[in-house]
Amino acid sequence: MDKDKIIIGSHCSLNGPDYYLQTVKDALSYGATTFMFYTGAPQNTYRLPTDRFKIEEGRKLLIENGIDEKDIVVHAPYIINPANTVKPETRQLAESFLLSELKRTAEFHVGLMVLHPGAHVGAGKEAGIQSTIDVLNKVLAVDGTNVKIAVETMAGKGSEIGTSFEEIKEILDGVKYPDRVGVCLDTCHINDAGYDVSDPDKILDEFDRVIGLDRLLVVHINDSKNPRGAHKDRHENIGYGTIGYDVIEGFLTNPRIKDVPKILETPFVNERPPYKDEISMLVSGKYQKNWKDKY
């Protein structure tokens with residue numbers, strides 16, 4: 001694969017005073033060709049109006065640096081839990097806030113949003129899956145944007161749904177707007193859910209058999225602190241976890257998914273973002289052992 005064509009980036013913050021303009025600058029400083037961000041704090045509903053965010057300045061910088069807006073990703077806030085049937089107010093928040101976040105994503109001219117499918121909080125997986133389907137159908141029926149939702153594969157901590165490709169497929173099959181939904185595959189999550197990720201081609205074969213690679217919209221490339229099947233969802237820096245550099249690089253460079261944005265969500269090292277080093281290693285194919293020591 002042409003290393004210059006790899007679509008790779010990381011999570012980037014959206015903070016004042018320059019907001020989106022600074023988000024783009026941060027991504028460029030990491031050597032990224034894409035990035036992912038939240039439109040506001042992921043743990044609450046407080047949102048600044050998007051006209052404060054210097055969106056057009058950020059878009060201009062993207063164009064100047066050859067980054068395609070179609071590859072940029074928004075992550076929906078964690079507090080959206082469409083699978084919760086136990087608390088009606090939580091389900092209602094999932095509907096209203098997801099609708100609002102789709103509109104905000106479109107205002108950034110971004111066309112991809114990653115969404116956690118949620119947790120059933122004791123009601124059982126089937127109830128949770130059906131609730132997530134119902135929320136997606138209700139929201140997409142009235143949403144006026146073209147933003148696609150990538151339902152993320154989950155590790156299985158607590159009562160999470162979406163921990164197998166079959167569960168993700170069940171959600172997708174239930175949505176009445178198939179052109180608006182796809183999948184975000186997270187390497188740490190599927191490892192922690194119990195998949196053997198050591199051979200990326202076999203994982204992609206299984207994904208293609210169950211769901212179809214044409215539905216894969218985003219890949220989160222994270223190492224894991226946990227052994228396979230731990231159901232803990234604890235990301236690790238590239239090469240320092242149980243998945244390992246070679247496997248992560250195998251996902252990144254696999255020609256079958258070359259046009260799918262790849263996003264790092266690895267932890268900061270001593271409160272510093274490690275993404276420039278991780279992206280450089282992955283794109284060059286040259287792993288630097290103990291690379292975190294300089295932090």
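**Gly 182**

I started with Gly 182, which sits in strand β6, residues 181-186. I'm working from a predicted model here. Is Gly 182 buried or exposed? I find it buried, with a relative accessible area of 0%; buried means under 20%, so Gly 182 qualifies.

Next I looked up what touches this glycine. Setting aside neighbours within four places in sequence, I get Ile 149, Ala 150, Val 151, Leu 172, Arg 215 and Leu 217 in contact with Gly 182. I also checked Gly 182 against Ile 8: the two are 174 residues apart in sequence, and their C-alpha atoms are 19 Å apart in space.

**Helices α5 and α7**

I moved on to a helix pair. Helix α5 covers residues 165-174 and helix α7 covers residues 200-210; their axes come within 10 Å of each other and cross at roughly 35°. I noted the crossing of α5 past α7 as right-handed.

Which residues meet here? From α5 I wrote down Phe 165, Glu 166 and Lys 169, and from α7 Ile 203, Glu 206, Phe 207, Arg 209 and Val 210. Sorted by class, this contact has four nonpolar and four charged residues, and no polar ones.

A reminder to myself: an α-helix has 3.6 residues a turn, so residues three or four places apart point the same way.

**Helix α9**

Then I went to helix α9, residues 275-284, and listed its buried residues: Tyr 275, Asp 277, Glu 278, Ile 279, Met 281 and Leu 282. I see Asp 277 and Glu 278 on that list.

What covers them? The cover includes β1 (8-11), α8 (245-253) and β10 (262-264).

**Pockets**

Last, I looked for open space. The largest pocket holds about 300 Å³. I count 15 residues in its lining, and those nearest its centre are Tyr 38, His 75, Tyr 78, His 235 and Glu 265. By class, the lining of the largest pocket comes to four nonpolar, seven polar and four charged residues.

How much space lies in the second largest pocket? I have about 180 Å³ for it. The second largest pocket is lined by 12 residues, with Ile 6, Ile 7, Thr 33, Gly 66 and Asp 71 closest to its centre.

Note on methods:
Residues are numbered from 1 along each chain as its sequence is written. This is a predicted model: local features need pLDDT of at least 70, side-chain atom pairs count only at pLDDT 80 or more; totals for chains, interfaces and linings use all residues. Side-chain values use heavy atoms; hydrogens and water are left out. On a 1 Å grid over the protein atoms alone, a cavity is a set of points where a 1.4 Å probe fits but cannot get out, and a pocket is an open set with protein on both sides within 12 Å along at least five of seven lines; lining residues have an atom within 4 Å of a point. Grid points are joined across faces, edges and corners, and a volume is the space filled by probe spheres set on the points. Ala, Val, Leu, Ile, Met, Phe, Trp, Tyr, Cys and Pro count as nonpolar, Asp, Glu, Lys and Arg as charged, and the others, Gly among them, as polar. Axes are lines fitted to C-alpha atoms, for helices over the stretch in contact, and angles run from 0 to 180 degrees between N-to-C directions. Helices (H or I, at least four residues) and strands (E, at least two) are DSSP runs, numbered from the N terminus. A crossing is left-handed if the near helix is turned anticlockwise from the far one by less than a right angle, and right-handed if clockwise. Contact means heavy atoms within 4.5 Å. Buried means under 20% relative accessible area, exposed over 50%, partly exposed in between (1.4 Å probe, protein chains only).
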